[in-house]
Amino acid sequence: MAKVNVKLFGVYRVDTHISDIEISAEKLSDLLNELNKIATGEHKSSLSFSDAAVYINGEHCKKKKQKLNDGDEVWFLSPSSGG
């Protein structure tokens, strides 16, 4: 298993009360499962790959089954809206 650094931004950070955390996971899908287990928001928010903009080491990630490596930095950015 890879130890990766995870950073949450926007609504995800507010809802989960997590700004950054280190998690061990083999794939991005495993990482999402772990994050959803530890989220502590009032309405226990759940992170979804299809709703988030996900970046691994600054590169946009398009595969939920993406393999992770030790030291990777994974960012989850919440969708934005406005006008």
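At 57% relative accessibility, H17 counts as exposed, because exposed is the term for over 50% relative accessible area, with buried for under 20% and partly exposed for values in between (1.4 Å probe, protein chains only). H17 lies in the loop between α1 (11-16) and β2, where helices (H or I, at least four residues) and strands (E, at least two) are DSSP runs numbered from the N terminus. The phi of H17 is near 65°, a positive value in a residue other than glycine.

N57 is found in the loop between β3 (53-56) and β4 (59-60), and its phi, near 50°, is likewise positive in a residue other than glycine. With 45% relative accessibility, N57 counts as partly exposed.

## Basis of the values

The model is predicted, so local features need pLDDT of at least 70 and side-chain atom pairs count only at pLDDT 80 or more, whereas totals for chains, interfaces and linings use all residues. Residues are numbered from 1 along each chain as its sequence is written, and side-chain values use heavy atoms, with hydrogens and water left out.

Strands pair if DSSP finds at least two bridges between them. β1 pairs with β2 (residues 20-25) in the antiparallel sense over 6 bridges, and in β2 the bridge partner of N5 is E22. β1 also pairs with β5 (residues 73-77), here in the parallel sense over 5 bridges, with W75 of β5 as the bridge partner of K7.
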